[in-house]
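Subject: Structure handover

Hello,

Here is the structure, with the sequence. My notes on what was found follow below it.

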Amino acid sequence: MLKQARRWFEDRKLARLPVDRDQWEEAVARWPVATRYEGAQRDRLFDMALRFLVRKELASGGGFQLDDGMSLLIATMAVVPVLELGLDWYDGWYTVIVYEDTFVTPEGEMDEFGVVHEEGRVLAGEAWLQGPVILSWGDIRAASAEEGYNVVIHELAHKLDMLAEGANGAPPLHPGMDGDRWHQVFTHAWQALERAEQAGEPFLDPYALEDPAEFFAVASESFFESPGHLRRVLPDLYEQLALFYRQRPAG
């Protein structure tokens with residue numbers, strides 16, 4: 001009953017949104033990943049992007065002005081990871097703050113892991129447990145299949161990770177998935193990236209080696225932005241992410 005009522009209220013809000021399908025198509029045309037979704041799946045991506053905008057507040061940071069096209073692109077990038085999971089996976093937080101470029105956190109800030117930083121940190125994105133997602137528009141525009149980079153997917157992957165005992169690289173797995181297998185595959189992938197980084201030939205952004213949460217987020221970026229590359233270099237990791245996200249973007 002509650003889900004039906006929520007859907008009814010959402011549908012009413014959707015009807016008042018000042019955007020349409022043509023505007024959405026124009027907004028996502030600048031993101032190659034969107035071309036992967038066709039037919040009924042593309043229709044669902046459009047619908048979920050609008051529902052994301054209904055459920056979440058997109059706020060400007062530092063006076064940066066967001067337009068409809070920007071909001072539609074951000075919403076679409078955000079819903080790609082949960083296209084087969086559902087928007088309810090993003091429940092419990094409500095705000096996306098977008099700065100024009102990288103932003104500096106306050107001195108003495110405690111981060112999402114409980115670490116207090118004496119100096120401000122320069123960031124392209126940040127996700128807080130039960131708090132907002134903060135993004136840089138400059139980095140959103142820099143999404144790249146070649147580099148496997150997407151700050152929106154990265155930060156939203158953190159949100160999914162946080163659903164199970166905080167950000168630790170182990171999001172809540174679906175029935176039938178093996179937690180031991182997940183841990184084993186990610187450990188082996190971590191070790192492989194460490195060896196490749198030491199040899200000066202990393203196959204993923206070495207930032208993944210910061211901690212297990214960052215490894216999951218970076219791997220998720222690669223899974224959606226450059227899935228063929230990830231499947232080639234880390235086939236077992238690709239398979240675990242395909243089971244979790246319930247998508248196979250490499251075909």
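Please keep in mind that this is a predicted model.

Helix 3 supplies the largest share, five residues. What classes of residue make up the lining of this pocket? Nine are charged, three are nonpolar and one is polar.

Next, the packing of helix 7 (residues 179-198) against helix 8 (residues 212-225). Their axes come within 11 Å and cross at roughly 85 degrees. Angles of 65 to 115 degrees count as roughly perpendicular, so helix 7 is roughly perpendicular to helix 8. On the helix 7 side the contact involves W182, F186, A189, W190 and L193, and on the helix 8 side P212, F215 and F216. By class, the residues of this contact are eight nonpolar, no polar and no charged.

Last, the aromatic rings. The count comes to 18 aromatic pairs. One of them joins W182 and F244, with 6.0 Å centre to centre and 65 degrees between the planes, an edge-to-face arrangement. This pair links distant parts of the chain, as W182 sits in helix 7 and F244 in helix 10 (residues 235-245), 62 residues apart.

Regards

Methods:
Residues are numbered from 1 along each chain as its sequence is written. This is a predicted model: local features need pLDDT of at least 70, side-chain atom pairs count only at pLDDT 80 or more; totals for chains, interfaces and linings use all residues. Side-chain values use heavy atoms; hydrogens and water are left out. Axes are lines fitted to C-alpha atoms, for helices over the stretch in contact, and angles run from 0 to 180 degrees between N-to-C directions. Helices (H or I, at least four residues) and strands (E, at least two) are DSSP runs, numbered from the N terminus. Angles under 35 degrees count as roughly parallel, over 145 as roughly antiparallel, 65 to 115 as roughly perpendicular and the rest as oblique. Contact means heavy atoms within 4.5 Å. Ala, Val, Leu, Ile, Met, Phe, Trp, Tyr, Cys and Pro count as nonpolar, Asp, Glu, Lys and Arg as charged, and the others, Gly among them, as polar. Rings of Phe, Tyr and Trp (its six-membered ring) pair if their centres lie within 6.5 Å; planes under 30 degrees apart count as stacked, over 60 as edge-to-face and the rest as tilted.
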